[in-house]
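Keep the structure open and follow along.

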Amino acid sequence: MIVITGPTAVGKTAEAVRLARELGAEVVSCDSRQFYREMRIGVARPSDEELAAVPHHFIACRSVADPFNISTYEQEALQVIARLHERCDTVVAVGGSGLYIDALLHGVSAMPDPTPELRASLQQMPLEAKRQLLQRVDPDYYARVDLRNPVRLQRALEVYHMTGRPYSQVVADRKPAERPFSAEVRVMAMEPSQLRERIDRRVDKMLEEGLLEEVRSLMPSRHLPTLRTVGYSELFPVLDGTANLDDAVRAIKLNTWHYARKQITWMRRYR
C-alpha cells in the first residue's frame, strides 16, 4: 500500500489519481471529511473526472447523520484492501487525516470506554475549556489535534480521565497491528507561503462553486459533530444573519491554514 498524504490543498488527490493510473491500482480514501455524501464542495471531494479516472473507495459513502468511527473505518477499509489485493499488487491510499492513516497502518489501539457520568460531564464542558484542559494534561496531542473537532477533544480527555495518562502516551504505547501488506508513506510538502496562497485560492474557488448554498442545504443538520468543521461552521452564522460573509471567508482561510499546520506537525512522524 502506498499512502499519499500531506496538508490540505497540497495536491494529494491529483497525485493519488496519477499514481493509481500508472500502477493500474484503485484508491482508498482516508480523508475523514470526504466520507459524507452531503459534503462535496467544502471538503474538496475529487472531481467527477478524477473519480471516473480510477475507482475510489470511501468517498461519499455515508450520511452526515451516520458518522464513521475510526474502528469501523479500519475494519471496513481492511476488508476493501484485501479484496483489491486479490486483483492488484498495489493499493493507493490518500488523505490528510492522520488518525485514519494510523488506523490503516497500525490499527486502533484499545481504549477504555468512559462511564456515562464522565462522558456527560465532559460533554457539558465548553469547547474552549476542553482545549485548555487538554493543553494542560497532554500538550503533545494538543499540538497535533484539530482543536475545532469536539469529538477528538472529548475522546482524548475521556482516555486521560479513565487511565490517568495522556492520550498521546496511550496511543504511543500501543502494539502495532500486523498487516498482510507492506506500506510506504509519501508525504507531500510545499513552501508555507505557496501552500497558504493555494489554500486562499481554493477557498475562493469553493465559494464560486456554490459553497454557501451547500452549507445552506445542511442548516437542518448543523448540530451534528460532522459539520463542526472548517468551511461549514464559519458559514452557518452568515446564513443566520449574525455574521458577515467577508469576515467568514477570511476566517475559513485562516482556520484552514491553522489546520494545515497541525497536519504538517502530525505528518513529521512519517518522514
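Glutamate 158 is buried, with a relative accessible area of 1%. Buried here means under 20% relative accessible area, exposed means over 50%, and partly exposed lies in between (1.4 Å probe, protein chains only). This is a predicted model: local features need pLDDT of at least 70, side-chain atom pairs count only at pLDDT 80 or more, and totals for chains, interfaces and linings use all residues. Residues are numbered from 1 along each chain as its sequence is written, and side-chain values use heavy atoms, with hydrogens and water left out.

Glutamate 158 sits in helix 8 (residues 150-163). Helices (H or I, at least four residues) and strands (E, at least two) are DSSP runs, numbered from the N terminus. Leaving aside residues up to four places away in sequence, glutamate 158 touches Pro114, Leu118, Arg119 and Leu122. Contact means heavy atoms within 4.5 Å.

What does glutamate 158 meet in a salt bridge? Its partner is arginine 119, at 2.8 Å from N to O. A salt bridge requires a side-chain nitrogen of Lys or Arg within 4 Å of a carboxyl oxygen of Asp or Glu. Side chains of opposite charge can pair when their charged atoms come close. This pair links distant parts of the chain: arginine 119 is in helix 5 (residues 116-123), glutamate 158 is in helix 8, and 39 residues separate them. Arginine 119 counts as partly exposed, at 35% relative accessibility.

The whole structure holds 18 salt bridges. One of them joins glutamate 26 to arginine 87, with the closest N and O atoms 3.0 Å apart. That pair also links distant parts of the chain. Glutamate 26 lies in the loop between helix 1 (12-23) and strand 2 (27-29), and arginine 87 in the loop between helix 3 and strand 4 (92-94), 61 residues apart. Glutamate 26 is buried at 15% relative accessible area. Arginine 87 is exposed at 58%.

Now find glutamate 234 and arginine 148. Their side chains meet in a salt bridge of 3.4 Å, N to O. Glutamate 234 is in the loop between helix 11 and helix 12 (236-240), and arginine 148 is in the loop between helix 7 and helix 8, so the pair ties together parts 86 residues apart in sequence. Glutamate 234 is buried, at 8% relative accessibility. Arginine 148 is partly exposed, at 26%. Elsewhere, Glu15, Arg18 and Glu22 are linked in a network of salt bridges.

Next come the aromatic rings. Rings of Phe, Tyr and Trp (its six-membered ring) pair if their centres lie within 6.5 Å; planes under 30 degrees apart count as stacked, over 60 as edge-to-face, and the rest as tilted. By this rule there are nine aromatic pairs. Phenylalanine 58 and tyrosine 73 make an edge-to-face pair, 5.3 Å centre to centre with 70° between the planes. Phenylalanine 58 is in the loop between strand 3 (56-57) and helix 3 (70-85), while tyrosine 73 is in helix 3, 15 residues apart. Both phenylalanine 58 and tyrosine 73 are buried.

Tyrosine 141 and tyrosine 167 have ring centres 4.7 Å apart and planes at 55°, so this pair is tilted. Tyrosine 141 belongs to helix 7 (residues 139-144) and tyrosine 167 to helix 9 (residues 167-172), 26 residues apart. Tyrosine 141 is buried at 2% relative accessibility, and tyrosine 167 is buried at 11%. Phe35, Tyr36, Phe58, Phe68, Tyr73 and Tyr100 form one aromatic cluster.

Rings also meet charges. A charge sits over a ring if NZ of Lys or CZ of Arg is within 6 Å of the ring centre and within 35 degrees of the ring normal. The charged end of lysine 262 sits over the ring of tyrosine 142, 5.2 Å from its centre. Arginine 269 lies over the face of tryptophan 266, 4.0 Å from the ring centre.

Finish with helix 10. Leu195, Ile199, Val203 and Met206 are buried in this helix. They cover an arc of only 80° around the axis, which puts them on the same side of helix 10. The arc is that of the directions from the helix axis to the C-beta atoms. The buried residues of helix 10 pack against helix 11 (211-217) and helix 13 (245-267). The face turned away from the buried side carries the exposed residues Ser193, Arg201 and Glu208. Glycine 210 follows helix 10, and its phi is positive, near 110°.
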